[in-house]
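I opened my notebook beside the viewer today and jotted things down as I went. Here are the entries, in the order I looked things up.

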Amino acid sequence: MKAIVYTKYGPPDVLQLKELPKPIPRDDEVLVKIHAAAANPLDWHFMRASPFVIRFISGLLKPKPKHRILGADIAGQVEAVGTNVKQFKAGDEVYGEVSRGGFAEYVCVAVDKLVLKPTNLSFEQAAAVPVAGLTALQCLRDQGQIQPGQKVLINGASGGVGTFALQIAKSFGAVVTGVCSTRNVDMVRSIGADQVIDYTREDFTQNGQLYDLIFDNVGNRSISEIKRILGPNGTYLLNAYSPALMLQLMLQSGKSKIGGQTMRNTDITQANQSDLEFLKALLEAGKVVSVIDRVYPLSEVAEAIRYLEGGHARGKVVIIVAGSVDGVPNDRARDKLS
């Protein structure tokens, strides 16, 4: 099978297209022929081994063999199942999350990280969902305890996690404000934002509005600025790699609470069938849609990661591994793949 492999840490140029043996599923795994995958910030963090602590996971001097294929979001078709798998059969269309290995033609997936693909989504649209969708869902519902009628602010509402967070918050009955740049205002409004703040024209920490829940995917404001717009019993969740701010939140008197306000870093989210099914229901009901910025063929994963690293992706960046690009509004990608 073809796969994108990296054997040393560094910039996107370390990613190379290689021919590898097709994997064989273990007893509790499913072998999936991947039709589409999606890129995430996690990919370039592992690619560059930044922050340094990643090396203690993937390899101190170079990536361990089992870590050499990036990609966590996948959608495709079941080709074979392990002896203990009863839930899936060959031919099933599925989507889910893998710990690694998505940038390849085939991957083995633990059965509890996979569910049937939403019926109304293309493979490309489904592949955009797992990491970002699960992050948004688990942060808002479990860590933020979102409630109907709450005023919720999404900072970085036009990114991969942000677009899902905005729509999921709306599905819970919240009143949602999205913060984004000028070019993304219309898109953010189109996916359901009650109010959109263009950060190039307005400082959202200075407009006098208070929020019950702030979900921050950028991490570019100080704690004092956030406290000013957080309600007396509000919750602030930082879901961004901002070392200084992360450290401040960890050191706040050894507690997550500041007065009646809760301010904390988000916990690591975990893929599970229950939440993938929850997202599937929202997607099939049309309450949540995948926002896709660009698509790239498997051979151009390096270019896709380079674009994602720039920090201006609108929604998700998707990798086409097999099949068509139906449902993906990107003429540039269609030209490349024709």
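This is a predicted model: local features need pLDDT of at least 70, side-chain atom pairs count only at pLDDT 80 or more; totals for chains, interfaces and linings use all residues.

**Entry 1: two crossing helices**

I started with helix 1 and helix 10, which are roughly perpendicular to each other. They pack at an angle of about 105 degrees, and their axes are 9 Å apart. The cut-off I needed here is that 65 to 115 degrees counts as roughly perpendicular.

Next I asked which residues make the contact. From helix 1 I noted P41, D43, W44, M47 and R48, and from helix 10 I noted I305, L308 and E309. By type, the residues of this contact are five nonpolar, no polar and three charged.

**Entry 2: the rest of helix 1**

Helix 1 covers residues 41-48, and I found D43, W44, H45, F46 and M47 buried in it. What do the buried residues of helix 1 pack against? I found strand 3 (29-39), helix 2 (55-58) and helix 10 (301-309).

**Entry 3: the loop after helix 1**

I moved on to A49, which follows helix 1 and sits in the loop between helix 1 and helix 2. A49 has a positive phi of about 55 degrees, although it is not a glycine. Is A49 buried or exposed? With a relative accessible area of 6%, A49 is buried; the cut-off for that is under 20%.

P51 lies in this loop between helix 1 and helix 2 too. I checked the peptide bond from S50 to P51 and found it cis, with omega near 5 degrees.

**Entry 4: another positive phi**

Q145 also turned up with a positive phi, about 50 degrees, and it is not a glycine either. I placed Q145 in the loop between helix 4 and strand 8 (151-155). At 49% relative accessibility, Q145 counts as partly exposed.

**Entry 5: helix 4 against helix 9**

On the helix 4 side I listed P130, G133, L134, L137, Q138 and R141; they meet D275, L276, F278 and L279 of helix 9. Sorted by type, the residues of this contact are six nonpolar, two polar and two charged.

**Entry 6: a loop residue, Q252**

I looked up Q252 and found it in the loop between helix 8 (243-251) and strand 13 (257-258). Its relative accessible area is 24%, so Q252 is partly exposed. Q252 and S224 are 28 residues apart in sequence, and their C-alpha atoms are 12 Å apart in space.

**Entry 7: the cores**

How many residues does the largest nonpolar core have? I noted 49, and those with the most contacts inside it are Y95, L140, I168, V188 and F215. Apart from that core lies another, of 46 residues, including A3, Y106, L114 and Y296.

**Entry 8: the whole protein**

To finish, I zoomed out and noted 11 helices and 16 strands in the protein. The radius of gyration is 20 Å, close to the 20 Å that the globule rule gives for 338 residues, so the protein is as compact as a globular protein of that length. The C-alpha atoms fill a box of roughly 60 × 45 × 40 Å along the principal axes. Of the 338 residues, 56% count as buried. I also noted that residues 24 or more positions apart account for 68% of the contacts with a separation of 6 or more.

Notes
Residues are numbered from 1 along each chain as its sequence is written. Side-chain values use heavy atoms; hydrogens and water are left out. Contact means heavy atoms within 4.5 Å. Helices (H or I, at least four residues) and strands (E, at least two) are DSSP runs, numbered from the N terminus. Ala, Val, Leu, Ile, Met, Phe, Trp, Tyr, Cys and Pro count as nonpolar, Asp, Glu, Lys and Arg as charged, and the others, Gly among them, as polar. A nonpolar core is a set of buried Ala, Val, Leu, Ile, Met, Phe, Trp, Tyr and Cys residues joined through side-chain atoms within 4.5 Å. Buried means under 20% relative accessible area, exposed over 50%, partly exposed in between (1.4 Å probe, protein chains only). The radius of gyration is taken over C-alpha atoms; the globule rule is 2.2 Å times the number of residues to the power 0.38. Axes are lines fitted to C-alpha atoms, for helices over the stretch in contact, and angles run from 0 to 180 degrees between N-to-C directions. Angles under 35 degrees count as roughly parallel, over 145 as roughly antiparallel, 65 to 115 as roughly perpendicular and the rest as oblique.
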